[in-house]
Amino acid sequence: MQDGRLNDSATIDLPALAVERVSHSYGQRQALGDVSFTVPQGSFTALLGPNGAGKSTLFSLITRLFNVRHGAIRILGYDLNADPGEALRRLGVVFQARTLDLDLSIAQNLTYHAALHGLPASAAKKRIGEILATSELSARLKEKARNLSGGQLRSIEIVRAFMHRPRLILLDEPTVGLDIRSRAAILSEVRRLVKEEGVSVLWATHLIDEIDDSDQVVVLHQGQVLAEGFVPEIVAREGAKSIGDAFTRLTGVRAGTTEPAELRA
Amino acid sequence: MSETPVEHAHPAPIRRGFPLSAYLICAGGIVWREALRFIHQRERFVSALVRPLLWLFIFAAGFRQVLGVSIIAPYQTYILYEVYIAPGLVGMILLFNGMQSSLSMVYDRETGTMKTLLVSPLPRWFLLVSKLFAGVAVGVVQVYVFFGIAWFWEVQPEPPGYLTALPAIILAGLMLGALGMLLSSLVQQLENFAGVMNFVIFPMYFASSALYPLWRVQESSPLLYRICQFNPFTHAVELIRFALYQQLNGQALLIVLGCTVVFLGGAIIAYDPARGLISRKRQ
């Protein structure tokens, strides 16, 4: 596993992520209630929900920052509670908040991440070259992370998530705080990497325009899964004109905003 | 809420585990990052050295005439006060370094960089122990630079003493670093860290044998003497003091070892998502 490649032929029929009847509470307040859905291998799945829907809580559970107390989460069949190491080695994460060390260079940040996954510096260097082959950031590897713009920092975090060749990538609202151009660039970069690397993606967002017609969607609202399926399926099921319209019918919240639809009527 | 029964639709795939090399690479990466951060924060290095040197140059010079130190183990003869407080100042370096490491863990948690560490697939206990060793490695470098400067200030143990002191310095560093790690799990915000200074660092340092022999303390206050005896920092200082003069203080060794196990065990539990305080505090 010196370059991070894993022979996972036995997991070929398993979903990349299976969330099974997961509940989570903060004291008396329930953040997630009996949440179940799957992310098929090789799919781009959008976890669509307004702010406060429970997306970040769910991500904290999938990344094992919080313990799964009710229900189960499996990554390529590996139970997060029973086999955390096997599950986490197949997972790459981009958190909503920036998690790069701004005092280290880009290369140092990426090499550090590789080391945390047991990859030697030589393998990390080769991998950085592969992922950033066509990126202008490859010329800035020795620069400190604090010299980069918000969009560039986010790009490096996405590269970092791919460093150890995970099979599933989680991205928690990765375009928050970015301008429209950077948002589009990040989204297309992730879609390109997903295609090239053949990984599965769970992309949490509250912005409807980040969803493509070919994507699978999980609609999460107030800690409950309200719909799951491919975009055309959900649209047809709700008798809606578009996924944005379906989202509004399901949640009462206008797509792309957190403002209740009825308040604007 | 009752535990939800979950159907196991798929048998668990093969568990492969990690080779030893993965553990070594991971630990090396954590130490390397800590060293890089230390190099980038030059003022941290300077202040870590200036603090004990001020005590050595100014405080000890003033107290040399006031506080007589009689012949006590491990010393074979009358010694200068500077010689007496040198192991205590080494302890001070390790104490501040341990707290600095815990401060950086609170900072990492606030900025989010801690998440990068915690989502590593290697066991959480291993990550924390590696982080602890990384902090100690930085502390050991500071201690030996201090020894180098103190040599010119008449603090001159026999050369083999510097070698025999190394395991004691590492063990004391581990104990104090583990304490700092445990505290970092209890401190919610960076601003609260000033409380750690007031309620942990200063009491630990002053209620110990770092600045004055315990028999002197006993003469003036039996209660304070008892407190000093219960203070693990006292035993860390004594372990270093004896080791610097090529002797082993068995009692100090056992207490420091025991405290290290307790503090580290507490930190590992606190950072464990299944049992820890970290996730509960967000709730």
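**Notes on the predicted model**

1. In chain A, A:V22 has A:V35, in strand 2 of chain A, as its bridge partner. The model is predicted, and the pairings described here are computed from it. Strand 1 (residues 17–26) and strand 2 (residues 29–39) of chain A run antiparallel and are joined by 7 bridges. The two strands form a hairpin with 2 residues between them. In the turn, A:G27 has a positive phi of about 65°.

2. Strand 1 of chain A also pairs with strand 4 (residues 70–75) of chain A, in the antiparallel sense, over 5 bridges. Within strand 4 of chain A, A:I75 stands opposite A:L17.

3. Chain A also has an open sheet of 6 strands, in the order 6-7-8-3-9-10, with mixed pairing. Strand 6 (91–94) and strand 10 (224–230) of chain A are at the edges; each has a single partner strand, so one side of each lacks a neighbour in the sheet. On average, neighbouring strands of this sheet are turned by 15° against each other, direction ignored.

4. A:L91 has A:L168 in strand 7 of chain A as its bridge partner.

5. Which strands does helix 5 (residues 150–162) of chain A lie across? They are strand 6 and strand 7 of chain A, and the helix runs at about 170° to strand 6. Helix 1 (residues 55–62) of chain A lies across strand 3 (44–48), strand 7, strand 8 (200–205) and strand 9 (216–221) of chain A, at about 145° to strand 7.

6. In chain B, helix 6 (residues 159–186) has 28 residues, which at 1.5 Å a residue should span 40 Å; the end C-alpha atoms are 41 Å apart, in agreement.

7. An unreviewed UniProt entry annotates several stretches of chain B as "transmembrane region", including 132–153 and 165–183. Residues 165–183 of chain B are 100% helix, with end C-alpha atoms 27 Å apart. Residues 132–153 of chain B are 91% helix and 0% strand, and their end C-alpha atoms are 31 Å apart.

8. B:R216 belongs to helix 8 (residues 214–220) of chain B. B:R216 counts as partly exposed because 16 other C-beta atoms lie within 10 Å. The C-alpha atom of B:R216 is separated by 41 Å from that of B:V31, 185 residues apart along the chain.

Notes:
Residues numbered from 1 in each chain as written. Chains lettered and ligands numbered in written order. Predicted model: local features only at pLDDT ≥ 70, side-chain atom pairs only at ≥ 80, totals over all residues. Helix = DSSP H or I, 4+ residues; strand = E, 2+ residues; numbered from the N terminus. Buried ≥ 20, exposed ≤ 12 C-beta atoms within 10 Å, placed from the backbone. Pairing = 2+ DSSP bridges. Axes fitted to C-alpha atoms, helices over the stretch in contact; angles between N-to-C directions. Contact = placed C-beta atoms within 7 Å. Expected span 1.5 Å × (residues − 1). UniProt positions renumbered as here; feature names shortened; annotations may be inferred.
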